[in-house]
Amino acid sequence: MSIDLAAASHPVSTSGERIRIMVVDDSAIIRGIITRWIEAETDMVVAASCRTGLDAVNQIERINPDAVILDIEMPDMDGITALPLLLAKKRDLVIIMASTLTLRNAEISLKALSLGATDYIPKPESNHLGGADTFRHELVQKIRHLTARATRRRVPSPPLAPAAAPSVLVSPAAAPFAPAKFSLRPFHKVRPQALLIGSSTGGPQALTALAAELAPVVDRVPVLITQHMPPAFTTILAQHIGRASSRPAQEGADGQAVKPGNIYIAPGGLHMRVGRQGGNVAIALDDGPQVNFCRPAVDPLFMSAIDVWKGDLLAVILTGMGSDGMRGGKDIVAAGGSVIAQDEASSVVWGMPGAAAQAGICSAVLPLNQIGQKIQKIFAGDFS
């Protein structure tokens with residue numbers, strides 16, 4: 001038998017109960033490790049443990065989990081094949097793809113996001129558990145945040161009173177989110193000399209969508225991006241962003257000159273900063289301590305850019321857990337620059353952009369599909 005049932009065989013409402021997880025991996029060692037980690041959390045339970053994607057598809061309706069940890073490479077049915085079949089049976093299911101650190105699996109993981117996976121996580125190999133503590137922390141946090149958001153989306157929105165239409169258009173999927181209250185600052189009325197972008201959970205999808213609108217900006221100034229990602233994944237992300245933007249996009253290299261017309265992505269596992277090198281601006285990479293539990297982190301990039309471009313900067317903080325980018329954004333604003341944050345309704349997790357918005361450092365808090373247009377206006381000299 002390749003599936004271990006750990007809960008009642010009939011769907012159970014998760015309201016007020018522990019988060020129900022299905023673990024799908026052909027490695028018994030990995031299944032056992034993930035199960036122990038999850039069950040050590042008081043708010044989570046492993047509802048089922050499956051060896052193949054086919055087992056998961058056959059059991060999903062009976063187990064009714066809130067989230068699935070889905071391996072990519074499995075016998076009988078792999079994760080990328082099982083993904084749409086699982087979503088067809090439970091549309092709002094949170095699916096976190098788990099894969100080893102290879103270029104092939106990184107490409108498959110990013111493809112899975114476009115097919116409806118909620119997120120991805122690189123897993124430690126069963127015969128080498130180095131980095132397991134980081135994996136455990138990241139996995140637990142992602143489960144907690146992503147299932148909480150999915151639960152909010154399932155809550156019916158209250159009926160609208162027959163009064164004036166709201167001043168901000170909100171998509172139906174965003175209806176359960178009450179508008180957050182925060183103050184906005186005026187934009188710095190000087191064209192920025194660089195565009196800085198920080199993102200985490202949900203970032204690959206957001207960055208690819210935003211990149212499609214950035215070509216006119218890239219032609220004017222360099223664009224530097226920090227996405228919380230491991231090695232191999234950032235290599236593939238750079239390729240995706242390059243295709244979406246039709247502009248050169250690459251992982252930053254130590255000592256590389258920073259020039260307009262290019263997009264630079266912080267390599268996985270390394271902080272990326274910028275600094276003066278003779279008469280040029282150059283990238284500096286290091287594998288120093290994690291910042292905000294991350295490496296690469298957004299704050300080091302944001303803070304270093306102030307030394308190069310002073311306040312002539314525009315920083316954008318997209319979807320992600322935690323508060324990375326908020327402190328660096330504060331420093332950019334103090335130097336005279338501006339910050340845009342993604343709004344809660346369009347964010348996979350409104351941690352990073354929410355921290356910036358609630359800190360009062362933003363000049364705009366916008367849905368993802370409006371951020372590109374706003375950036376273009378600012379670089380064209382329209383600061384309204």
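**Figure 1. Glu73 and its salt bridge to Arg104 in the predicted model.** Glu73 is partly exposed, at 45% relative accessibility. In this predicted model, its side chain meets that of Arg104 in a salt bridge, with 2.7 Å from N to O. The pair links distant parts of the chain. Glu73 sits in the loop between β4 and α3, while Arg104 belongs to helix α4, 31 residues apart. Arg104 counts as exposed because its relative accessibility, 51%, is over the 50% limit.

**Figure 2. Asp76 and Arg51 join two loops.** The closest N and O atoms of this salt bridge are 3.8 Å apart. Asp76 lies in the loop between β4 and α3, and Arg51 in the loop between β3 (44-50) and α2, so the pair ties together parts 25 residues apart in sequence. Asp76 is exposed, with a relative accessible area of 64%. Arg51 is partly exposed, at 31%. Across the whole structure, a search finds 9 salt bridges.

**Figure 3. Glu138 and Lys142 pair within helix α5.** Their closest N and O atoms are 3.1 Å apart in a salt bridge. Both residues lie in helix α5 (residues 132-154). They are 4 residues apart, which means a separation of about one helical turn. An α-helix has 3.6 residues a turn, so residues three or four places apart point the same way. Glu138 is partly exposed, at 25% relative accessibility. Lys142 is buried, with a relative accessible area of 3%.

**Figure 4. Helix α3 and its buried side.** The buried residues of α3 (residues 79-89) are Gly79, Ile80, Ala82, Leu83, Leu86 and Leu87. They cover an arc of only 150° around the axis, so they sit on the same side of α3. These buried residues pack against α2 (53-63), β4 (67-71), β5 (94-99) and α4.

**Figure 5. Ser109 in helix α4.** Ser109 is part of helix α4 (residues 103-114). Ser109 is buried, at 0% relative accessibility. Beyond its neighbours within four places in sequence, Ser109 contacts Ile72, Ser99, Tyr120 and Phe233.

**Figure 6. Ile375 and the largest nonpolar core.** This core has 64 residues. Leu86, Leu195, Ile197, Ile340 and Ile375 touch the most other members. Another core, of 31 residues, lies apart from the largest one. Its members include Val298, Leu313, Met352 and Ile361.

Figure 7. Cys50 is buried, at 0% relative accessibility. Cys294 has 15% relative accessibility and also counts as buried, because the limit is under 20%. The structure holds 0 disulfides.

**Figure 8. Confidence along the chain.** The mean pLDDT of the protein chain is 87, and 86% of its residues reach 70 or more. Over residues 1-15 the pLDDT stays under 50. The model has 33 contacts beyond four places in sequence for these residues. Residues 155-176 also have pLDDT below 50, with 9 contacts beyond near neighbours in sequence. Where pLDDT is low, the predicted coordinates should not be read in detail.

Definitions and conventions. Residues are numbered from 1 along each chain as its sequence is written. This is a predicted model: local features need pLDDT of at least 70, side-chain atom pairs count only at pLDDT 80 or more; totals for chains, interfaces and linings use all residues. Side-chain values use heavy atoms; hydrogens and water are left out. pLDDT is the predictor's confidence in each residue, from 0 to 100. Contact means heavy atoms within 4.5 Å. A disulfide is a pair of cysteine sulfur atoms within 2.5 Å. Buried means under 20% relative accessible area, exposed over 50%, partly exposed in between (1.4 Å probe, protein chains only). A nonpolar core is a set of buried Ala, Val, Leu, Ile, Met, Phe, Trp, Tyr and Cys residues joined through side-chain atoms within 4.5 Å. The arc is that of the directions from the helix axis to the C-beta atoms. A salt bridge is a side-chain nitrogen of Lys or Arg within 4 Å of a carboxyl oxygen of Asp or Glu.
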